[in-house]
Amino acid sequence: MKPFELVEPNTLAEAVGLLDATDSSVRALAGGTALMLMMKARLFQPTRLVSLHRLNGTLRGVRISNEGGLSIGALTSLRELERSPLVANAAPAITGALKVLANVRIRNVATIGGHLAHGDPHMDLPPILLTMGARVRAVSSRGERWIDMSELFVGYYQTALAKDELIAEVRIPPQPAGVCSAYAKCTALSADDWPAVGVAVWYRLEEARIRDPRIAISAATERPIRAVAAEAALAGSPAEPAAFARAADAAAEEVQTLADIRGSASYKREMVRVHVRRALQRALQSHSEGK
């Protein structure tokens, strides 16, 4: 590993000031669970790491936003999210997903900001946040801007963040009462491995029919995506197995899957079909049990 500079700013303003919009070898360091592996494998060799471990305040913790949704500081660990009663109440699909996301040692260190900024399509939370209409607040020395989750991921390990931007906050809007939501994933190795396929679903029930369905797929694709054809097949249908099967077939037909060590493209396509159906059914079951 080549020598590099490690700096430890005390404020967010200092941290973004130490980043460089023109130099990709300068990188922020939060939990470091993914970055350190890349450095050890020599896939990334930094000239400067900007450690964020001294930053506090609103960058850490979960709170109710002014709009009534959730405001999550970017340096909040995944373990904190897993144990947060606010998250469990407003976004139970996130709580459920975190229980089998990597292992507790990783969750104790990894942060929500790093989880998203890394841009790895195998991450569990992006498809869930995509269905919930979440957005992130990105900060640089030029100011701040909000980025919708649907626009954050632009390619394989690529995000819309500039090299000198940091995620400061994740904002989840208030969720309607009675929403059906769930996350299902297929792992090719251990249960806590990165998924071969991840599926998040979200929909409302109105007079026993499905309204505003959202289906997001990750891990099998180069970035988290909405399955718009599957959503169209589901909209207005009764919440029953036949409708779920039609939506699952539509999702498998429209998605462009990628092969990797966790499965071939054709295998992942079938797993999309299986897990879209399972997630839709699981969402309905969770909604019924919550009444």
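The model is predicted, and local features were considered at pLDDT of at least 70, side-chain atom pairs only at pLDDT 80 or more, with totals for chains, interfaces and linings using all residues. Residues are numbered from 1 along each chain as its sequence is written, and side-chain values use heavy atoms, with hydrogens and water left out.

A search of the whole structure found 2 aromatic pairs. Rings of Phe, Tyr and Trp (the six-membered ring of the latter) pair if their centres lie within 6.5 Å, and planes under 30 degrees apart count as stacked, over 60 as edge-to-face and the rest as tilted. The Tyr-156 and Tyr-157 rings are edge-to-face because their planes stand at 80 degrees, with the centres 5.0 Å apart. Relative accessible area is called buried under 20%, exposed over 50% and partly exposed in between (1.4 Å probe, protein chains only). Tyr-156 is partly exposed at 42%, and Tyr-157 is also partly exposed, at 36%. The pair formed by Tyr-203 and Phe-244 is tilted, with 6.4 Å from centre to centre and 45 degrees between the planes. This pair links distant parts of the chain: Tyr-203 belongs to strand β12 (residues 197-206) and Phe-244 to helix α11 (residues 241-254), 41 residues apart. Helices (H or I, at least four residues) and strands (E, at least two) are DSSP runs numbered from the N terminus. Tyr-203 is buried, with 0% relative accessibility, and Phe-244 is buried at 0% as well.

Two arginine side chains were found over tryptophan rings. A charge sits over a ring if NZ of Lys or CZ of Arg is within 6 Å of the ring centre and within 35 degrees of the ring normal. The charged end of Arg-135 lies over the ring of Trp-146, 4.1 Å from the ring centre. For Arg-214 over Trp-202, the distance to the ring centre is 3.7 Å.

An open sheet of 3 strands has the order β1-β3-β2 with parallel pairing. Two strands pair if DSSP finds at least two bridges between them. The edge strands, β1 (5-7) and β2 (26-29), each pair on one side only. From one strand to the next, the twist averages 20 degrees; axes are lines fitted to C-alpha atoms, for helices over the stretch in contact, and angles run from 0 to 180 degrees between N-to-C directions. Strand β2 is joined to the parallel strand β3 (residues 48-51) by 4 bridges, and Ala-28 has Val-50 in β3 as its bridge partner.

A further open sheet contains 5 strands in the order β4-β5-β10-β6-β7, with antiparallel pairing. Strands β4 (62-64) and β7 (143-148) each have a single partner strand, so one side of each is left without a neighbour in the sheet. The twist of this sheet averages 25 degrees from one strand to the next. Within the sheet, β5 and strand β10 (residues 166-172) are antiparallel and share 4 bridges. Ser-71, located in strand β5 (residues 70-73), has Arg-171 in β10 as its bridge partner. Ser-71 is buried at 9% relative accessible area. The side chains of Ser-71 and Glu-169 form a polar contact of 2.6 Å. A polar contact is a pair of N or O atoms within 3.5 Å; within protein, one must be able to donate a hydrogen and the other to accept it, and residues adjacent in sequence count only if both atoms are side-chain atoms. Residues up to four places away in sequence aside, Ser-71 touches several residues, including Gly-61, Val-62 and Arg-63, where contact means heavy atoms within 4.5 Å.

Gly-69 lies in the loop between β4 and β5 and is buried, with a relative accessible area of 5%. Beyond residues up to four places away in sequence, Gly-69 touches Arg-63, Ile-64, Ile-172, Pro-173 and Pro-174.

Strand β12 is mostly covered, with 7 of its 10 residues buried. Strand β11 (residues 180-186) runs antiparallel to β12 and is joined to it by 7 bridges; Tyr-183 is partnered by Ala-200 in β12. β12 and β13 form a hairpin with 2 residues between them, and Glu-207 in the turn has a positive phi of about 55 degrees.
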